[in-house]
Amino acid sequence: MITLFSPLEQFEIINIIPIYFYSFNLSFTNASLLMLFVIFFSFFWLSLSFFKANLIPNYWQLLHEEFYSLTTSIVYENLNLKGEIYFPFIFSLHLFLLFSNLLGMIPYSFTITSHIAFTFGLSLSIFIGINIIGLKTHGINFFSLFLPRNVPLIIVPLLITIEFLSYIVKVFTLAIRLFANMTSGHTLLKIIAGFAWTMLLSGGILSFLHLIPLGLLFVLIGLELAIAILQAYVFTLLICIYLNDVLELH
């Protein structure tokens, strides 16, 4: 008898250390564990080249320098020199998302970026911080962001409403883009892997034909790895663009 598992089981949050405070669930979960792993691997990867920098870079140092250069180009191209003060945060965010996506590719691991609660919470907190920066920088003039210049007075209320809604929706698009790409990719991999495994166990000629979905699975794994790297880059890039908008009041 072949047991079929739901491809959505991989996204289930499991309590490892149950902690309850009144009606609040503060348990240490598999998502919490993976975030600790992400932080650990981030420091570990940086330490491979940080404490042993060579004039001729080794493999790890070269990867570190390329990643640093990529993040620097994102910040400089979108924020110019005024982005230097925000570089530590943007670099940390980029590195955290990259390792979160890549560690989630390991079988029987957990992908925290595949949960809308995490991506929305991250997007909302950063979005609030960006608006605080805008208010601190421009004061009351920050609200001119919602009203372009030389606009007829009669359409001002409608235009402010449209601009405000399009501004707020950035939080949702930022969160949903990362969540949807990671969830759909991991679900597809699980379905193809389960299909290949079912064909293998069915016996007969189907056991030989399982090589077809298995080959497709390896191709999709490579594509999903590229998407994991790309989504960390896109999220970081959009944060820089949104930050530049409030600094320059575009």
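Helices are runs of at least four residues and strands are runs of at least two, numbered from the N terminus. These names are used in the legends below, which describe a predicted model.

**Figure 1. The loop between β2 and β3, with tyrosine 22.** Tyrosine 22 sits in the loop that joins β2 (20-21) to β3 (24-25). Although tyrosine 22 is not a glycine, its phi is positive, at about 55 degrees. The residue counts as exposed, because its relative accessibility is 73% and the cut-off for exposed is over 50%.

Figure 2. The chain has seven helices and four strands. Along the principal axes, the C-alpha atoms fill a box of roughly 75 × 55 × 45 Å. Of the 250 residues, 36% count as buried. The accessible surface comes to about 15500 Å², and 75% of this surface belongs to carbon and sulfur atoms. For contacts between residues at least 6 apart in sequence, 67% join residues at least 24 apart.

**Figure 3. The salt bridge between lysine 82 and glutamate 248.** Side chains of opposite charge can pair when their charged atoms come close. In this view, the side chains of lysine 82 and glutamate 248 meet at 2.9 Å, N to O. The pair links distant parts of the chain, 166 residues apart. Lysine 82 lies in the loop between α2 (59-79) and α3 (87-103), and glutamate 248 lies in helix α7 (residues 211-248). Lysine 82 counts as partly exposed, with 29% relative accessibility. Glutamate 248 also counts as partly exposed, at 40% relative accessibility.

**Figure 4. The salt bridge between aspartate 245 and lysine 170.** The count for the chain comes to two salt bridges. The one in this view joins the side chains of aspartate 245 and lysine 170, at 3.6 Å, N to O. Aspartate 245 belongs to helix α7 and lysine 170 to helix α5 (residues 156-202), so the pair links distant parts of the chain, 75 residues apart. Both aspartate 245 and lysine 170 are buried, that is, under 20% relative accessible area. For the chain as a whole, the mean positions of the 7 positive and 10 negative charges are 6 Å apart.

**Figure 5. Glycine 134 in helix α4.** Glycine 134 is placed in helix α4 (residues 116-138). Its relative accessible area is 0%, so glycine 134 is buried. Leaving out residues up to four places away in sequence, glycine 134 touches Gly139, Phe142 and Val246. Glycine 134 and leucine 249 are 115 residues apart in sequence, but their C-alpha atoms are 8.4 Å apart in space.

**Figure 6. The loop between α2 and α3, with asparagine 80.** Asparagine 80 is found in the loop between α2 and α3. Asparagine 80 is not a glycine, yet its phi is positive, at about 60 degrees. With a relative accessibility of 42%, asparagine 80 counts as partly exposed.

Notes:
Residues are numbered from 1 along each chain as its sequence is written. This is a predicted model: local features need pLDDT of at least 70, side-chain atom pairs count only at pLDDT 80 or more; totals for chains, interfaces and linings use all residues. Side-chain values use heavy atoms; hydrogens and water are left out. Buried means under 20% relative accessible area, exposed over 50%, partly exposed in between (1.4 Å probe, protein chains only). Contact means heavy atoms within 4.5 Å. Accessible areas come from the Shrake-Rupley method with a 1.4 Å probe; for residues, only the protein chains shown count as cover. Lys and Arg count as positive and Asp and Glu as negative; His and the chain ends are not counted. The place of a charge is taken as NZ of Lys, CZ of Arg, CG of Asp or CD of Glu. A salt bridge is a side-chain nitrogen of Lys or Arg within 4 Å of a carboxyl oxygen of Asp or Glu.
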